[in-house]
Structures are given as structure tokens and as C-alpha cells.
Amino acid sequence: MATSFPFAAIVGQDEMTLAIQVVAVDPSVGGVLVLGDRGTGKSTAVRALADLLPPIQVVKGCPYRCDPSKPAQSCLVCQPEKTSHASTTGKLKTESRSVSVVDLPLGATEDRIVGALDLEKALSQGVKEFSPGLLAQAHRGFLYIDEVNLLDDHLVDLLIDVAASGENLVEREGLSIRHPARFVLVGSGNPEEGELRPQLLDRFGLSVNVKTPQDLALRVEVIKRRDAFDKDPAGYKAQWQGESDKLQKRIVKARKSLDAVVVDDEMLTLCAQLCQQLGTDGLRAELTLLRATRALAAMQGSKRVSTEHIKIIAPLALRHRLRRNPLDDTDSGERVNRCLQDILAL
Ligand SMILES: [Zn+2]
């Protein structure tokens with residue numbers, strides 16, 4: 001794989017880098033939707049995501065990257081009684097692998113995504129074997145779809161199903177395969193080029209708007225860094241290694257302290273009030289708000305969630321869940337901020 005731009009060296013896209021770090025700390029926040037113009041570094045930031053996370057332990061040889069500590073969620077191959085990977089003691093052998101960030105290109109076929117019969121093996125050896133797809137590769141990692149708003153409807157349905165169940169079920173060509181596929185969906189796109197369906201929108205925990213930076217000094221800095229990276233990707237990455245390690249340590253520490261962060265009733269009430277006033281459907285918005293503020297608090301080393309955390313997270317967690325108001329063309333993040341200010345002023 002080509003060297004990715006170091007995450008720590010990204011400047012001028014604070015909202016996007018914050019959202020990505022929050023889901024790195026707590027993947028149950030859900031996916032991240034990145035909306036904005038072309039050439040604003042959306043893909044760069046997503047591909048750099050792997051920098052943030054330490055390697056994971058997987059069952060040795062498992063094509064689905066099963067988690068040895070969660071046998072109940074394992075694929076059929078790894079379930080202890082049927083396993084071919086188990087050692088004599090019945091304990092699974094493990095190996096460490098880096099967290100995957102898998103690209104799902106717009107032109108990908110359904111076979112490529114869900115996996116299919118390995119035709120070569122079928123023809124040459126007469127063996128029916130499943131060849132895993134992108135969903136298998138993305139298990140326990142991230143699935144990235146650039147221009148997600150242009151993805152075919154039937155593929156969107158498929159992704160919504162898998163994202164909701166955490167499982168990929170393939171039944172065709174005489175195969176019946178079921179394997180775990182839990183991933184964080186990261187989508188980017190330009191909303192002017194096509195709308196996103198509400199069911200898919202709902203799958204994203206956070207959404208961020210990226211714009212070309214307007215500050216001149218910042219623009220110069222972005223260009224300088226990009227140019228230095230393009231000249232010598234490996235050298236530039238090495239130069240940033242210290243910062244990257246610090247960032248990864250911070251994420252790992254935040255993950256460990258997540259459960260200890262207190263969210264008291266006052267803060268929960270504020271989240272509920274905000275969602276109620278904005279008229280978001282269901283309770284998913286509140287849950288996302290709760291998880292994301294807790295992750296932010298953990299990242300900042302705070303012991304409890306405060307109003308300040310909610311102020312930072314609310315636009316990211318709620319802006320894509322607002323109903324359109326045709327008479328109000330304010331940026332939806334701005335609408336969220338306004339509503340929060342009104343509640344806090346009471
Ligand atoms: Zn497995």
C-alpha cells in the first residue's frame with residue numbers, strides 16, 4: 001500500500017479530524033460523513049486514519065480477522081469446536097494485524113463487496129470455496145466510500161443491512177456463508193452532486209462539512225506540507241513519526257478511560273432537550289450525542305462530560321438529522337448551535 005499522509009500533519013480541517021478521532025476512540029458512535037468540495041483533503045484524512053490505531057489481535061489465518069476475545073462473534077471457521085486453527089490445547093492462535101481502512105470504489109460489483117465463489121478454484125480444482133470480499137477485509141476497521149451519494153441504490157441497501165446486523169450473509173452459487181462484518185462506515189461526497197437517502201444518513205453518527213481554508217497563512221501551510229510529502233512520502237512520514245505515536249497513545253488512553261467518564265443526568269437532559277427541540281427522529285441522535293461527547297471528554301482527559309463538550313459535538317452529531325426547513329437556509333450546524341444557546345439561556 002502507498003504511504004499515507006500522516007494524520008498528525010493535517011492542518012485546517014479541525015472538525016473532520018476531531019470527528020475521525022472520536023470514532024477511533026469509540027467506534028460505536030457510528031460512521032463519519034464528510035461533506036464538501038473536491039480537493040479539500042477528505043480522502044487524505046480518511047486514509048491517514050490507520051495512524052491513529054494500534055494493531056489488533058486476530059485469529060491466526062482467519063480471512064475474516066476474527067477477534068480471539070469474542071468467540072461468540074466469530075466466523076464458522078474460528079468457532080472452537082469446528083476450528084482448524086486451534087492448537088492442541090483448543091486455544092486459538094493469534095497474530096497482530098494493522099487496523100484496515102478499506103476503499104470501496106463506486107464501480108465495485110456486488111461480488112467484490114460481499115465476496116463470491118472463487119471461480120478459479122472451482123474451475124481448476126472443482127473446489128467450492130468462498131473468496132471473501134471488501135466487507136470481510138473491513139471487519140473491525142473502517143470502510144471508506146468516496147462519493148457515497150453516488151453509490152447505486154442496491155449497494156446502499158446492502159450496506160445498510162450489513163451495518164445494522166454486523167454480519168455478511170452470502171447465499172448463492174450453492175454457497176451459504178455467514179461471517180462477521182463490523183466496521184465503521186466513512187463516507188465522503190459533495191451534496192451538490194446528489195442527495196443521500198435518509199436510511200443511509202442515519203447510519204452515520206457524525207457529519208462534518210469541509211471547506212477550502214480561507215485563511216492565507218493556513219493555505220500556505222497546507223500546500224507546504226503537501227508538497228513536502230509528495231516529494232518524499234516515506235521521509236515525511238518518518239519526520240512525523242513522533243507526533244503520530246503521541247496521537248495514537250492519546251487515542252489508546254482515551255479508549256481505556258472511556259467507561260470511567262461520568263455523564264450525569266443534567267447533561268443527559270440537555271442532550272434530550274436539544275434533540276427534542278430540533279425534532280430529530282427516534283433516539284439514535286441522543287445516543288450518538290452521548291457516546292461522542294463521552295469520547296471527547298476521554299480524549300481531553302476529563303472525568304465527566306460538560307456543557308463545553310456538548311457544544312463542540314452537537315453540530316457534528318445532529319446537523320444531518322435535521323428536517324429541512326425551506327424558509328431557513330442557515331447552515332444546519334448553525335441551527336444546532338442556536339438551539340443549544342437558547343436552551344442554555346433558559
Ligand atoms: Zn474467523
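Val34 stands opposite Ser188 in strand S10, and Leu35 stands opposite Gly189 in S10. These pairs belong to the contact between strand S1 (residues 31-36) and strand S10 (residues 184-189), which run parallel and are joined by 4 bridges. The model is predicted: local features need pLDDT of at least 70, side-chain atom pairs count only at pLDDT 80 or more, and totals for chains, interfaces and linings use all residues. Residues are numbered from 1 along each chain as its sequence is written, and side-chain values use heavy atoms, with hydrogens and water left out.

**The sheet**
- An open sheet is formed by 5 strands in the order S4-S7-S10-S1-S11, with parallel pairing.
- The edges are strand S4 (101-103) and strand S11 (204-210); each has a single partner strand, so one side of each is left without a neighbour in the sheet.
- From one strand to the next, the twist averages 20°.
- Strands (E, at least two residues) and helices (H or I, at least four) are DSSP runs, numbered from the N terminus.
- Two strands pair if DSSP finds at least two bridges between them.

**Strand S10**
- S7 and S10 pair in the parallel sense over 5 bridges, and Leu143 has Leu185 in S10 as its bridge partner.
- 6 of the 6 residues of S10 are buried, so the strand is largely enclosed by the rest of the structure.
- Buried means under 20% relative accessible area, exposed over 50%, and partly exposed in between (1.4 Å probe, protein chains only).
- Both faces of S10 are covered, with Val184, Val186 and Ser188 buried on one side and Leu185, Gly187 and Gly189 buried on the other.
- In a regular strand the side chains alternate between the two faces of the sheet.

**Helix H1**
- Helix H1 (residues 14-25) lies across S1, strand S7 (142-146), S10 and S11, and runs at about 160° to S11.
- Contact means heavy atoms within 4.5 Å.
- Axes are lines fitted to C-alpha atoms, for helices over the stretch in contact, and angles run from 0 to 180 degrees between N-to-C directions.

**Positive phi in loops**
- Most residues other than glycine have a negative phi.
- Arg65, which is not a glycine, has a positive phi near 55°.
- Arg65 lies in the loop between strand S2 (56-59) and strand S3 (94-97), and at 9% relative accessibility Arg65 counts as buried.
- Glu147 is likewise not a glycine and has a positive phi of about 55°; Glu147 lies in the loop between S7 and helix H6 (153-165).
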